Amino acid sequence: MTIWLHFLRSNPSIITAVMDTTSNWRDEVQPAFRQRFFNNILHNLQLGHPPESFDEILEFHKIAHSIEQKSYAGATSQAEYVMQIACKMVLMEKAREREWRDYFCPDSRQRIVYKIMKLLKRHLDVTDPEGSQELWRIAERFEEKIFSKADTEFIQTRRSIEAEVEDSSR
């Protein structure tokens, strides 16, 4: 279960407020209600990239404020307001889950090549140094192709998610 869905389920007042469809819904929204959404957007942004400087903290505040403000201004009902923010939060979580490259240690790719090499040696009868060097080159090329393909897919997925977030904030 995503953090955002957990937040909605643990705050039944939000669900109750969404079900109330008055004609001028913005008059009914308390500042604390909007502040909770802002805080959760900010928290979600910082989960993906913990701020390292005061400038980054300010930038996250601006982004969170922009997301909340655009959702509030563009919604025609309180339910739509909540749904817009919920969708953006889920998209941010998906983007964060796809940041697989952050989990790599500097030497992890070499370890992967080594594991591929061990696997090749287990299935191929190679005893001379030249054969071992050739297997190493094969393992390196194989790892590079896997990494490049994963990186390309990551970039394409990230761009599509960013486009969805951008489209939904208009």
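User: Are Glu68 and Arg34 buried or exposed?

Analyst: Both Glu68 and Arg34 are buried. The term buried means under 20% relative accessible area, exposed means over 50%, and partly exposed lies in between, with a 1.4 Å probe and protein chains only. Please note that this is a predicted model, in which local features need pLDDT of at least 70 and side-chain atom pairs count only at pLDDT 80 or more, while totals for chains, interfaces and linings use all residues. Residues are numbered from 1 along each chain as its sequence is written, and side-chain values use heavy atoms, with hydrogens and water left out.

User: What pLDDT does the chain average?

Analyst: The average is 79, and 73% of the residues score at least 70; pLDDT is the predictor's confidence in each residue, from 0 to 100.

User: How many helices and strands does the chain have?

Analyst: There are 8 helices and 0 strands. Helices (H or I, at least four residues) and strands (E, at least two) are DSSP runs, numbered from the N terminus.

User: Why is Glu143 called buried, and why is Arg109 called partly exposed?

Analyst: Glu143 has a relative accessible area of 7%, and is therefore buried. Arg109 has a relative accessible area of 25%, and therefore counts as partly exposed. Their side chains meet in a salt bridge, at 2.8 Å from N to O. Glu143 belongs to helix α8 and Arg109 to helix α7 (residues 108-123). Arg109, Glu143 and Glu144 are linked in a network of salt bridges.

User: Where do Glu134 and Arg137 lie, and why is Glu134 called partly exposed?

Analyst: Both lie in helix α8, 3 residues apart, about one turn of the helix. The relative accessibility of Glu134 is 32%, so this residue counts as partly exposed. Arg137, at 39%, is partly exposed as well. Glu134 and Arg137 form a salt bridge, the closest N and O atoms being 2.7 Å apart.

User: Why is Ser132 called buried, and which residues does Ser132 touch?

Analyst: Ser132 has a relative accessible area of 17%, and therefore counts as buried. Not counting residues up to four places away in sequence, Ser132 touches Met117, Lys121 and Val126, where contact means heavy atoms within 4.5 Å.

User: Which residues have the most contacts inside the largest nonpolar core?

Analyst: They are Ile41 and Tyr81, in a core of 18 residues. Helices α4 (31-48), α5 and α6 (78-97) each supply at least two residues of this core, and the largest share, 6 residues, comes from α4. A nonpolar core is a set of buried Ala, Val, Leu, Ile, Met, Phe, Trp, Tyr and Cys residues joined through side-chain atoms within 4.5 Å. Leaving aside neighbours within four places in sequence, Tyr81 is in contact with residues including Trp25, Phe37 and Tyr72.

Methods:
A salt bridge is a side-chain nitrogen of Lys or Arg within 4 Å of a carboxyl oxygen of Asp or Glu.
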